[in-house]
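Hello,

Here is the structure I said I would pass on. My notes on it follow below.

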Amino acid sequence: PNVLTGNLEAGRTYFNGAGKCNTCHSPSGDLASVGRKYDPIDLQQRFLFPRRSKPIQVTVTPAGGQSVTGSLERIDDFSVSLRDAAGEYRAFSRDKNVKVDLHDPLAAHNQMLDVYTDQDMHDIVRYLESLQ
């Protein structure tokens, strides 16, 4: 299938405007030559569903306690667990007195899946493919 049906200039405009892609990515930095590295179908897949290269970071602050930061192991409605910088496993019950802050670098990509139109996706892929 041909995924290069979008408009290059519309993709550039979306990248630098409404999509806010340029707040995290740069055509001359992390995306330099990306159009040469991947064929259009792989490029589209990687743009829509990027691979996680780093774990989600979490900071847990128990009521009256000291904050603990580390790599998220598991989170649900009842508990959160992490590995701290020393590699120690830490688990906390979640209640109204425990503050949990997640830092997921891919959160914006996941949120945008509900925002992109088909045309936006094709325009962005066409723009990314042009970064040779």
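A residue is called buried under 20% relative accessible area, exposed over 50%, and partly exposed in between. Leucine 8 has 21% relative accessibility, so it counts as partly exposed. Please keep in mind throughout that this is a predicted model.

Leucine 8 belongs to helix 1. Setting aside neighbours within four places in sequence, leucine 8 touches Arg126, Tyr127 and Ser130. Glycine 87, by contrast, is 79 residues from leucine 8 in sequence, and the two C-alpha atoms are 46 Å apart in space.

Helix 1 covers residues 8-16, and its buried residues are Gly11, Tyr14 and Phe15. Viewed down the axis of helix 1, these buried residues fall within an arc of 100°, so they line one face of the helix. Helix 4 and helix 5 are among the elements that cover them.

Next, the loop between helix 1 and helix 2. Most residues other than glycine have a negative phi. Two residues of this loop have a positive one. Lysine 20 sits in the loop between helix 1 and helix 2, and its phi is near 55°, a positive value in a residue other than glycine. Its relative accessibility is 58%, so lysine 20 counts as exposed. Serine 33 is also placed in the loop between helix 1 and helix 2, with a positive phi near 60°. With 24% relative accessibility, serine 33 counts as partly exposed.

Helix 3 has buried residues too: Leu43, Phe47 and Leu48. Down the axis of helix 3 they fall within an arc of 120°, so they line one face of the helix. What do the buried residues of helix 3 pack against? They pack against helix 2 (34-37), helix 4 (107-112) and helix 5.

Two packed helices are described by the angle between their axes and the distance between the axes. For helix 3 (residues 40-48) and helix 5 (residues 118-129), the angle is about 115° and the axes are 10 Å apart. The crossing of helix 3 and helix 5 is right-handed. On the helix 3 side, the residues in contact are Pro40, Leu43, Gln44, Phe47 and Leu48; on the helix 5 side, they are Met121, His122, Ile124, Val125, Leu128 and Glu129. Of the residues in this contact, eight are nonpolar, two are polar and one is charged.

That leaves the sheet. Strands of a sheet pair through backbone hydrogen bonds, either parallel or antiparallel. Here five strands make an open sheet in the order 4-3-2-1-5, with antiparallel pairing. Strand 4 (89-93) and strand 5 (99-103) are the edge strands, each pairing on one side only. From one strand to the next, the twist averages 40°. Within the sheet, strand 1 (residues 57-61) pairs with strand 2 (residues 68-75) in the antiparallel sense, over four bridges. Valine 60 is placed opposite valine 68 of strand 2.

Regards

Key. Residues numbered from 1 in each chain as written. Predicted model: local features only at pLDDT ≥ 70, side-chain atom pairs only at ≥ 80, totals over all residues. Heavy atoms only, no water. Axes fitted to C-alpha atoms, helices over the stretch in contact; angles between N-to-C directions. Left-handed = near helix turned anticlockwise from the far one by under 90°. Contact = heavy atoms within 4.5 Å. Nonpolar A, V, L, I, M, F, W, Y, C, P; charged D, E, K, R; others polar. Pairing = 2+ DSSP bridges. Buried < 20%, exposed > 50% of the residue type's maximum accessible area, 1.4 Å probe, protein only. Arc of directions from axis to C-beta.
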